[in-house]
Amino acid sequence: MKTMELNPKLDLTFERLIDVPPHLVWRAWTEPDLIKQWFCPLPWKTIHADVDVRPGGKMHTVMQSPEGQEFPGTGCYLETIKDERIVWTNALLPGYRPAPPNVPCNDEEQTEFMFTAIVEMAPHKVNGVDGTRYRATVLHADQKGCQKHDAMGFEAGWSAALDQLVAMVKREFELFLSDGFELVQTRLKIFANHVVHVDEQAHDFGNHVVFAIHAPSDFGAVTFGYQFEIDLIIGFKRLLKMQVHAHQVGCA
């Protein structure tokens, strides 16, 4: 993570360790279907997300209050480093065009405050598993905007949203593993006579999940033992690719 000099009168920040890896945090921040599941704390909802994750690209969301009122917001990405850092601002529209001031009904008290948000993620072991050191920082144009954001519950709100992100990643990942595990067994039963043992403890290697499978294959009077490593390319709720690597581990 980059070292930043913060102004306590203008900037808000918080940092946490979470037990999901950076590449999944990145996906949660950059895929519209995932953003909608966690982006604002319940009982509020994010009902729409449209993102073009590149410098100058659009970040647009629509939040909905429990009463059904909708609050659209559009900003511009300033920096996007995959699996590491996302920076965006509501002071600019897509393409770096300056955003016009939003003063509802000429009421300056309701004016939207301008900010730049920086989300950083770095690999970090958490309770022995691949996790993330997560830091969110919001820079404000003036003290009034910073104080307003703080009074709205910056740390509590962003922390609650992060809890929802972590819960969503774990939920979707478990569904993916369950579906992938079943598919692995089905496909290997077609290849071999039967699956003797499947190691249900999958191993996460970045964008791959590896299952270790042991299965026999009969050739005449000799049965060779094979160990299969199955690489499942992670795609929430969908299996994007399956690669099978087999090698002989003995014979009987």
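Let's start with a charged pair: arginine 133 and glutamate 15 form a salt bridge, and their closest N and O atoms are 2.7 Å apart. A salt bridge here is a side-chain nitrogen of Lys or Arg within 4 Å of a carboxyl oxygen of Asp or Glu. This pair connects distant parts of the chain, since arginine 133 is in strand E9 and glutamate 15 is in strand E1, 118 residues apart. Helices (H or I, at least four residues) and strands (E, at least two) are DSSP runs, numbered from the N terminus. Side chains of opposite charge can pair when their charged atoms come close.

This is a predicted model, in which local features need pLDDT of at least 70, side-chain atom pairs count only at pLDDT 80 or more, and totals for chains, interfaces and linings use all residues. Residues are numbered from 1 along each chain as its sequence is written, and side-chain values use heavy atoms, with hydrogens and water left out.

How exposed are the two partners? Arginine 133 counts as partly exposed because its relative accessibility is 28%, and glutamate 15 is partly exposed with a relative accessible area of 37%. In these terms, buried means under 20% relative accessible area, exposed means over 50%, and partly exposed is in between (1.4 Å probe, protein chains only).

How many salt bridges does a search of the whole structure find? The search finds 13. Glu15 and Arg133 also belong to a network of salt bridges, in which they are linked with Glu79, Arg85, Glu120 and Arg135.

Another salt bridge joins lysine 170 and aspartate 19, with the closest N and O atoms 2.8 Å apart. Lysine 170 counts as partly exposed because its relative accessibility is 37%, and aspartate 19 is partly exposed at 31%.

Lysine 82 and aspartate 83 form a salt bridge as well, with their closest N and O atoms 3.6 Å apart. Lysine 82 counts as exposed, at 52% relative accessibility, whereas aspartate 83 is partly exposed at 22%.

## Strands side by side

Strand E3 (residues 58-64) pairs with strand E4 (residues 70-81) in the antiparallel sense over seven bridges. Two strands pair if DSSP finds at least two bridges between them. Which residue of E4 is the bridge partner of methionine 59? The partner is glycine 75. The hairpin of E3 and E4 has five residues between the strands, and glycine 68 takes a positive phi near 100° in this hairpin.

E4 also runs antiparallel to E5, joined by five bridges. Threonine 80 stands opposite isoleucine 86 in E5. In the hairpin of E4 and E5, with three residues between the strands, aspartate 83 has a positive phi near 65°.

Is threonine 89 buried or exposed? Threonine 89, which lies in strand E5, counts as buried because its relative accessibility is 3%. Its side chain reaches the backbone oxygen of phenylalanine 115 at 2.7 Å, and a polar atom of the threonine 89 side chain lies 3.0 Å from the backbone nitrogen of alanine 91. Leaving out residues up to four places away in sequence, threonine 89 touches Gly75, Cys76, Leu78, Phe115 and Thr116, where contact means heavy atoms within 4.5 Å.

Lysine 125, in strand E8, counts as exposed because its relative accessibility is 54%. A polar contact of 2.6 Å joins its side chain to that of aspartate 130. A polar contact is a pair of N or O atoms within 3.5 Å; within protein, one must be able to donate a hydrogen and the other to accept it, and residues adjacent in sequence count only if both atoms are side-chain atoms.

## The nonpolar core

The largest nonpolar core has 36 residues. Such a core is a set of buried Ala, Val, Leu, Ile, Met, Phe, Trp, Tyr and Cys residues joined through side-chain atoms within 4.5 Å. The largest share of this core, eight residues, comes from H4. Trp29 is among the residues with the most contacts inside the core. Beyond its neighbours within four places in sequence, tryptophan 29 is in contact with residues including Trp38, Ile86, Tyr134 and Leu165.
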